[in-house]
Each structure stands twice: as C-alpha cells, then as structure tokens.
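Student: I would like to go through this structure with you and ask, for each label, what it rests on.

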Amino acid sequence: MAKFDLKVREKLLTLRRQRPQCVHKKWVDFPTGLKALVTDLFTAAQLALLAALYAFFAWYFPVFLYVSVVLTVCAAVYVFVTEHDSQSKASWLFLFLISFGCGYIVYFLADKRICYGFNRKRYAQIFDRSRPYIGAYELQPTSAAVSNDCEYIYKSGGYVPYTGTDIKYFSDARKLFDNLIGRLEEAQDFIFLEYFIVSEGVLLERLFDVLRRKAAQGVEVRFLCDDVGCQGVLTSSTKKRIKNAGIKFKIFEKLFSPFSFGLNFRDHRKIIVIDGKTGYVGGCNIADECTNQHRMEGLWKDAGVRLDGAAVDGLSLTFLRQWEFSTREKSDYERYLCKAETTENTSNVVPYAGGPEICEHLCRNVYVNMASAACEKLYIMTPYLIPDGELFTLIKTKAMSGVDVRIVLPAVPDYPFIYRVTRSNAEKLMAHGAKVYFVRGMFVHSKVMLTENCVTVGSVNLDMRAFYQEFDNGIYTDDKSVMADALDDFKKVFDANGESTCEKHNFFSRFITALLRIVSPLM
C-alpha cells in the first residue's frame, strides 16, 4: 500500500527533533485516555464547585433545603413529560435519588433546551439564511422504505435526496486517506475539513503538506475541529503552524468555558469537501491510530465513502453552517454550491447531519427507521452498542421475527466501562437470536448499518451520546454498488471471526454491569 512510507516517517521525526516543543510525547502516545481525563476533571471541578455552593446555601439558609426538595420534584415531573426515552428518564431519576436534592441543578444545566437554547436560536438564523440554497426534493422512487426514510430526513432536517452522484465505499481508512490525498492534489478552488479528532502524527503531516501547498497556490482552505477531540493531541504550536500556512483554522466550542455543561455537545462530524465536486464522509479521524500507523487498541477498522457529483452540495451546506456558527462569519453560500457535474447514477444519495441544533434526533431516527423497515437482513458495524430502549427492543424484535440480525463489535475495548455495557447488550441480543461477531485483535471504529433496502455510513455511533448530544453526520443511499461493497465488508468479517456465544458472569460482575447500565445514558 502506497504513500505511508519511511520517508514520511523520517520527515515527521525530523520535524519533531527540530521543534520538540510542538509534540509532547506523553500526550501523543496516550491521547484517548488523556482526552477523557481532561474532560472528566473539568466536569468534576464544575460539579464540585456547584456542590460547595449548594452546601453553603443549605448551611446558612435552611429554607433552601425545602426549596431544593420542591425543585427536585418539579425536575422529576419535567423529566417524565419530556420526550426522553425511558432509559434516559430512569438514569436522571436515579441521579435525583442519590444527589441529596441537588441533582436538578445538573439536569437543568445539561438540558439542551436550557443551556443550549441561545445557540439553538443562532442555528435557526443560520438555517433560515441557507434554506434558499437547498436543492429541490427529487426522489428517484425505488422502494417504499427508501421513500419513507428520505421523506423523514427532509422533513426533520431539511436534507434532500440527490441523484447524479457516484459513490465509492472504503472498508479501510488507510485506503480512504490515500485516495483523499491524491484528490487534494487536484484541488483548484476550495477545501473544507471538519473533524472531531485532529492528532499530530504521520497522517496529519501528510495532509498538512498538501494543504500548505494548496493554500500557497491560492486555494481557500477552511479547517474546523473540535476542542475536546483535539485536547492533548494537537498542541498550540501546531495550530499556529497551520494558521501561518494560510489555512483558516477554527476550533469548535472551547473546552474551558465556565459552567458550560454544553461541553457535552461536541462536533463529532467527519467531512471533507474539495472544490464542491468531491466529498468524503466516514468514521475516520485525522489520527495515526485510524490508519494503523500508531497502535492504541490493537488494529483499527474504519469505513467511509467518497462522493462525486451533485450530493456534495449537501456536505458543503452542512460544513458552511457549522463554520458560520463557530466563527460568526457569514458565508456566500452561492459561491460554494452547484460546482459538480451530475453523473449518470440514478441512485438516491442523502447527506444528512443532526445534533443539538435541531429538535429532532435525526441521526438516531435514521437508524430506527432503517431497522423498522428491514425484513430480510439488518447488519450493524459499530464500536459501541448502547442504544436507547426503543432501538434495543426494535433490534431484539427483528431478531426474534426471523430477520437476519448480525452485529460486528470490537474485541478490543477503548473505554472498559462502556465496553462492559456494550458486551452486556450484545449478549442480551444474542439470547434472542441476533448473531454477534467480536473482531479479534481489532478495535472496530466503523459506523455502518445495512439492510436489503439501503445503507448508511458516517460518524454516528450506536450510543446515547451520538443520538442525543453530539453533532454527527452520515450518508444514506440505496446505491446498489455501495450496498454490495458494504455487504462484502461484512462477509469478510463474518468469515474471519466466528459467531460469539454468551458468557457466564458471576454475581459481582452482573451487579457492576447493572449499575453501569443505569448510568449508560449519561456516559
């Protein structure tokens, strides 16, 4: 496989020797744990301060205790009448029960209708400005299931189905980035990048080398990344080096903002747009572990797609909206749209995105709708299996109804507590007829769902955070060649890894798992 050669490694090592302050080895070698630690410590510090303030008022103003009890009851009633799923409601009520009357403070600070209300208004204004540039709704009828899914995506998020778009499936992130860098070399007008994690290493140096040269040639390069995702793996000196190269580099939602429980609402999207003609979407971050240049949790498996044609406009719109929110710079949407020539492909391709900016849980409901319509097969590839109660019951019911339900999961965990819940859910589904495959020696980071009707590939994990808190995106399509390539990817995993069976667990293990299941919606 080309491109990831010794010369690139040598160049990176030379840069590190020349500028040792730009790479802190301890942080780069253990990015996942440190990112989680920094975020958790900052959240814990805010919680500790809130607890101290609560104790102060309770000590000096005893009537505050009675007020807190009343507010806790009100919060509990409010949780009951909201559209949270039953598992989330149970988790919040459990928090109220054990927090001695102050859990309502955490709930209202974390509720996106309250702590994210102002941002939602800003997003609404951005959507209103960009709405005239949304293409016409032109669905190529193939099946009732596809028509219903496309109609829902359009009505809930305003994302239209496109035809005239070629689409290619990549089962390997390394192949995707090799293809991407070759296409970047051809860029002539503009390049958009939006990623959750941007980590220093071989891959970033390869990308930066191309982006720097393109910026020098007059190509407009915009680069948006999430602050939590880059915490501890992207240093300030590297950010400065990117900006000095003429690249417009912005951070989404600074981590250290006081009393912002909105730090949970992270930009988890992965989008690249080149000249408005080519786009890339998938689960891959800009990090060496994704391309197996750096081992964290064994080998990594990731998937993505490339778009060429009209549907790239959907990705451009999603990026420009997020850029405008992050920078407060109004973009000339017309300048970046309708750049691609339509192809002869008549398949439906829907680039969609969801998150706290809209009321609907769009990304989650795409999975729900696809699973509901599956009559023959339902194949899922995901790093985490922590769905809400409705989706879990739906998958279980499909397996019990004779649908071929198969789920591909990693055998190597990245977060042990979350992995314990994932395995527990997998074993419950196995007990009802689903087939589960744990990929040996590998961390599966792909986010793919395939039925006999369609396939979706993107950044959406099968967990509560992706469903209700994160900004995520994906590509929904009924393209037969992509569906065939995705099916081939699944079959290779099935053939290389035998079907798993349920394991016996002692009482202590079951008790710990039960506790983790209670708080899993809050993870």
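Student: Why is Asn 461 called buried?

Tutor: Asn 461 has a relative accessible area of 5%, and buried means under 20%, exposed over 50% and partly exposed in between, with a 1.4 Å probe and protein chains only, so Asn 461 counts as buried. This is a predicted model, in which local features need pLDDT of at least 70 and side-chain atom pairs count only at pLDDT 80 or more, while totals for chains, interfaces and linings use all residues. Residues are numbered from 1 along each chain as its sequence is written, and side-chain values use heavy atoms, with hydrogens and water left out.

Student: Where does Asn 461 lie, and which residues does Asn 461 touch?

Tutor: Asn 461 sits in the loop between strand S16 (455–458) and strand S17 (462–463); strands (E, at least two residues) and helices (H or I, at least four) are DSSP runs, numbered from the N terminus. Leaving out residues up to four places away in sequence, Asn 461 touches His 268, Tyr 367, Thr 382, Pro 383, Tyr 384, Lys 447, Ala 466 and Phe 467, where contact means heavy atoms within 4.5 Å.

Student: What makes Arg 269 and Glu 357 a salt bridge?

Tutor: Their side chains meet at 2.9 Å, N to O, and a salt bridge is a side-chain nitrogen of Lys or Arg within 4 Å of a carboxyl oxygen of Asp or Glu, so the pair meets the rule. Arg 269 lies in the loop between strand S4 (248–252) and strand S5 (271–274), and Glu 357 in the loop between strand S9 (349–354) and helix H16 (362–373), so the pair ties together parts 88 residues apart in sequence. Arg 269 is buried at 2% relative accessible area, and Glu 357 is buried at 9%.

Student: Which residue of opposite charge is nearest to Arg 321, and how far away is its side chain?

Tutor: That residue is Glu 357, whose side chain is 7.0 Å away, and Arg 321 is buried yet has no salt bridge; for charge, Lys and Arg count as positive and Asp and Glu as negative, while His and the chain ends are not counted. Arg 321 belongs to helix H14 (residues 312–327), and its contacts beyond four places in sequence include Ile 126, Phe 127 and Tyr 333.

Student: Why are the buried residues of H4 said to line one face of the helix?

Tutor: Seen down the axis of H4, the buried residues fall within an arc of 120°, so they line one face; the arc is that of the directions from the helix axis to the C-beta atoms. The buried residues are Phe 64, Ser 68, Thr 72, Ala 75, Ala 76 and Val 79, while on the other side of H4 exposed residues include Val 63, Tyr 66 and Phe 80.
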